[in-house]
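Dear colleague,

Please find below the structure that I promised to hand over. My notes on the helix packing and on the sheet follow it.

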Amino acid sequence: EYGHLDILMNNAGVSTMNHISDLTEEEWDMNFNVNSKGVFLVTQAALPLMKEKGGRMVNTCSMAAVKPDPTLAHYTASKYAVLGFTKAAALEFAQYGITVNCGCPGFVKTDMQAREIVWEGRMRGIEPAQVLQNYINNTPLGRLCYPEDVADVVGFLVSPEAKFLTGEAVNVAG
């Protein structure tokens, strides 16, 4: 309506779990289409609306881009792509006063995670409750991440206080 976009938040993600030997091309493509290609396409569409006055772009990445999991090779690769894209876009868009950063959430309590807990339990032959406990045990602060924890970091990254941060990946993993 006003011809300018101040903030772009690329926050879409999907996942499946599978070993590489069992991974299908459809699973690979779905993860890349949503997790990586979606970030590219929306960023490309938003850029003309931000070039003149600058702004903030934040991409949701994942802890998987920092700490891979063997049952998430395709998801991990798609999030590595987001991380690399974020860093490259930050360099390219700096001339327009646009900062580009990403948040890398850990084990976030969401519907997607609830599905993954069941999948992982089946793949590892353990109960979902044990998978959940493993997630908590592998988080130094001893609890799951909540969507609000991620939102707080995003709020900072789009604030004036973060005006001199670009190309950064902020871990939100407790």
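Helices H1 (residues 25–50) and H2 cross in a right-handed manner; a crossing counts as right-handed if the near helix is turned clockwise from the far one by less than a right angle, and left-handed if anticlockwise. The contact (heavy atoms within 4.5 Å) involves, among others, Trp28, Phe32, Val39 and Thr43 of H1 and Tyr75, Val82 and Phe85 of H2.

The model is a predicted one, in which local features need pLDDT of at least 70 and side-chain atom pairs count only at pLDDT 80 or more, while totals for chains, interfaces and linings use all residues. Residues are numbered from 1 along each chain as its sequence is written, and side-chain values use heavy atoms, with hydrogens and water left out. Helices (H or I, at least four residues) and strands (E, at least two) are DSSP runs, numbered from the N terminus.

Turning to the sheet, four strands form an open arrangement in the order E1-E2-E3-E4, with parallel pairing; two strands pair if DSSP finds at least two bridges between them. E1 (7–10) and E4 are the edge strands, each pairing on one side only. From one strand to the next the twist averages 20°.

E1 is joined to E2 by four bridges, and isoleucine 7 has arginine 56 of E2 as its bridge partner.

Strand E3 (residues 98–105) is largely enclosed by the rest of the structure, because eight of its eight residues are buried (under 20% relative accessible area; exposed is over 50% and partly exposed in between, with a 1.4 Å probe and protein chains only). Both of its faces are covered: Ile98, Val100, Cys102 and Cys104 lie on one side, and Thr99, Asn101, Gly103 and Pro105 on the other. Six bridges link E3 to E2 (residues 55–60), and the crossover from E2 through H2 (residues 73–93) to E3 is right-handed. On its other pairing, E3 has four bridges to E4 (residues 169–172), where cysteine 104 stands opposite asparagine 171.

Asparagine 59 in E2 stands opposite cysteine 102 of E3. With 1% relative accessibility, asparagine 59 counts as buried. Its contacts, not counting residues up to four places away in sequence, include Asn10, Val39, Thr43, Val82, Phe85 and Cys102.

Finally, H2 lies across E2, E3 and E4, running at about 160° to E3. Helix H5 (residues 147–157) also packs on the sheet, where it touches E1, E2, E3 and E4 and makes about 155° with the direction of E4.

With kind regards

Definitions and conventions
A crossover is right-handed if, with the strands pointing away from the viewer, the path from the first strand over the helix to the second runs clockwise. Axes are lines fitted to C-alpha atoms, for helices over the stretch in contact, and angles run from 0 to 180 degrees between N-to-C directions.
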